[in-house]
Amino acid sequence: MAAAGEANGGTGKLEFSLDVPFPSSRDATIALRSLSPDKEPRKGGISKVITVSGSTLSVRWSADETRILRVSVSSFLDHLSLVMETMEMFGPPVAV
């Protein structure tokens, strides 16, 4: 898992990136579908983009304030943890 946070000189916004490796691209896609419905509660000040490339789930945040960014990342990590625990509990998906 790799992460980096810094202020973007061009826009003055704070940015944070998180890459989460999964055992397979199918697992990463399941996580993406589970986490995508969660929109940011605020109408402005933050944006989040979630994508999958191969077996890696990538999340990119851009925010106006440190506090907003911290709350959003923390909330996402809580949801991600729950998704991963659920996937582990039920095992790999069965092809039908």
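Lys48 sits in strand β3; helices (H or I, at least four residues) and strands (E, at least two) are DSSP runs, numbered from the N terminus. Lys48 is partly exposed, with a relative accessible area of 22%. Buried here means under 20% relative accessible area, exposed means over 50%, and partly exposed lies in between (1.4 Å probe, protein chains only). The C-alpha atoms of Lys48 and Val59 are 6.9 Å apart in space, while the two residues are 11 apart in sequence. This is a predicted model, in which local features need pLDDT of at least 70, side-chain atom pairs count only at pLDDT 80 or more, and totals for chains, interfaces and linings use all residues. Residues are numbered from 1 along each chain as its sequence is written, and side-chain values use heavy atoms, with hydrogens and water left out.

Strands β3 and β4 run antiparallel and are joined by eight bridges; two strands pair if DSSP finds at least two bridges between them. One of the residues involved is Val49, whose bridge partner in β4 is Arg60. The two strands form a hairpin with two residues between them, and Gly54 in the turn has a positive phi of about 65°.

## Ser62 in strand β4

Strand β4 covers residues 56-63 and includes Ser62. Ser62 has a relative accessible area of 15%, so Ser62 is buried. Apart from neighbours within four places in sequence, Ser62 is in contact with Lys13, Leu14, Glu15, Gly45, Ile46 and Ser47. Contact means heavy atoms within 4.5 Å.

## Salt bridges

How many salt bridges does a search of the whole structure find? The search finds three, where a salt bridge is a side-chain nitrogen of Lys or Arg within 4 Å of a carboxyl oxygen of Asp or Glu. Asp64 forms one of them with Lys13, and the closest N and O atoms of this pair are 2.8 Å apart. Asp64 lies in the loop between β4 and α2 (66-90), and Lys13 in the loop between β1 (2-7) and β2 (14-21), so the pair ties together parts that are 51 residues apart in sequence. Asp64 is partly exposed at 45% relative accessible area, and Lys13 is partly exposed at 26%.

Asp19 forms a salt bridge with Arg60, with the closest N and O atoms 3.1 Å apart. This pair links distant parts of the chain, since Asp19 is in strand β2 and Arg60 in strand β4, 41 residues apart. Asp19 has a relative accessible area of 24% and is partly exposed; Arg60, at 34%, also counts as partly exposed. The side chains of Glu65 and Arg67 meet in another salt bridge, at 3.8 Å from N to O. Glu65 counts as partly exposed at 37% relative accessibility, and Arg67 counts as partly exposed at 47%.

## Aromatic pairs

The count comes to two aromatic pairs. Rings of Phe, Tyr and Trp (its six-membered ring) pair if their centres lie within 6.5 Å; planes under 30 degrees apart count as stacked, over 60 as edge-to-face and the rest as tilted. The ring centres of Phe16 and Trp61 are 5.7 Å apart and their planes are at 50°, so the pair is tilted. Phe16 in strand β2 and Trp61 in strand β4 are 45 residues apart, and their pair links distant parts of the chain.

Trp61 counts as buried, at 2% relative accessibility. Trp61 also pairs with Phe76 in an edge-to-face arrangement, 5.4 Å centre to centre with 80° between the planes. Because Trp61 lies in strand β4 and Phe76 in helix α2, this pair ties together parts that are 15 residues apart in sequence. Both Trp61 and Phe76 are buried. Ring pairs link Phe16, Trp61 and Phe76 into a cluster.

## Helix α2

Helix α2 has 25 residues and reaches 36 Å from its first C-alpha to its last, close to the 36 Å expected at 1.5 Å a residue. The expected span of a helix is 1.5 Å times one less than its number of residues. Just after α2, Gly91 takes a positive phi of about 80°.

Which residues of α2 are buried? They are Ile68, Leu69, Ser72, Val73, Phe76, Leu80, Val83 and Met87. An α-helix has 3.6 residues a turn, so residues three or four places apart point the same way. The buried residues of α2 pack against β2, α1 (25-35), β3 (46-53) and β4.
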